[in-house]
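Let's walk through a ligand site together, one question at a time. Have the viewer open and follow along.

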Amino acid sequence: MLKFLVINGPNLNMLGIREKQIYGTQNYAALVDFIRECGQKLNVETDIFQSNHEGAIVDRIQAAYGTADGIVINPAAYTHTSVAILDALKAVSLPAVEVHLSDIYQREEFRHISYPFKACLTSFYGFGFDGYRKALFFLKEHCIKQT
Ligand code: DQA
């Protein structure tokens, strides 16, 4: 069974509390349940990780080397700043897909740049929770095509 690491960056643990008009009213536990259910329906294993710390995210990406088949990542605010996360994704060279709950390209200009995207196959943004389903589906199709 394909095994995908799903990474959620800083403040995503505050879903349901933070900026509800942008991120919705469902909390982080609901997002984890949603991702897990999507994985079950697609018959892929999902290992879901959240951290508010850039280095912890880098460590988790490195640990995926040789243990995971692909990565779905919502780097949250680190999207717009983190060369370290970009380099970690490049280092492990696993197929990766970027997700954002909101449409970052319709928001402030500083959100329009994504460093990790440069190491990702594609990105789903503005679909809310459903972006994770789309990302898992895309990654599964990609991995099947490679074998
Ligand atoms: C986000 C968008 C980022 O700009 C922001 O910093 C987040 C969440 C999203 O999922 O829409 O924390 O990644």
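Q: How far does a polar side-chain atom of Arg 111 lie from an oxygen atom of the ligand?

A: A quick note to begin with: this is a predicted model, where local features need pLDDT of at least 70, side-chain atom pairs count only at pLDDT 80 or more, and totals for chains, interfaces and linings use all residues. Residues are numbered from 1 along each chain as its sequence is written, and side-chain values use heavy atoms, with hydrogens and water left out. For Arg 111, the separation between a polar side-chain atom and a ligand oxygen is 2.8 Å.

Q: How much of the ligand's exposed area does the protein bury?

A: Accessible areas here come from the Shrake-Rupley method with a 1.4 Å probe. Alone, the ligand exposes 320 Å². Of that area, the protein buries 99%.

Q: How do the residues of the shell around the ligand divide?

A: The residues around the ligand (a heavy atom within 4 Å) include Tyr 23, Ile 104 and Arg 107. Ala, Val, Leu, Ile, Met, Phe, Trp, Tyr, Cys and Pro count as nonpolar, Asp, Glu, Lys and Arg as charged, and the others, Gly among them, as polar. The shell splits into 5 nonpolar, 4 polar and 3 charged.

How values were computed
A polar contact is a pair of N or O atoms within 3.5 Å; within protein, one must be able to donate a hydrogen and the other to accept it, and residues adjacent in sequence count only if both atoms are side-chain atoms.
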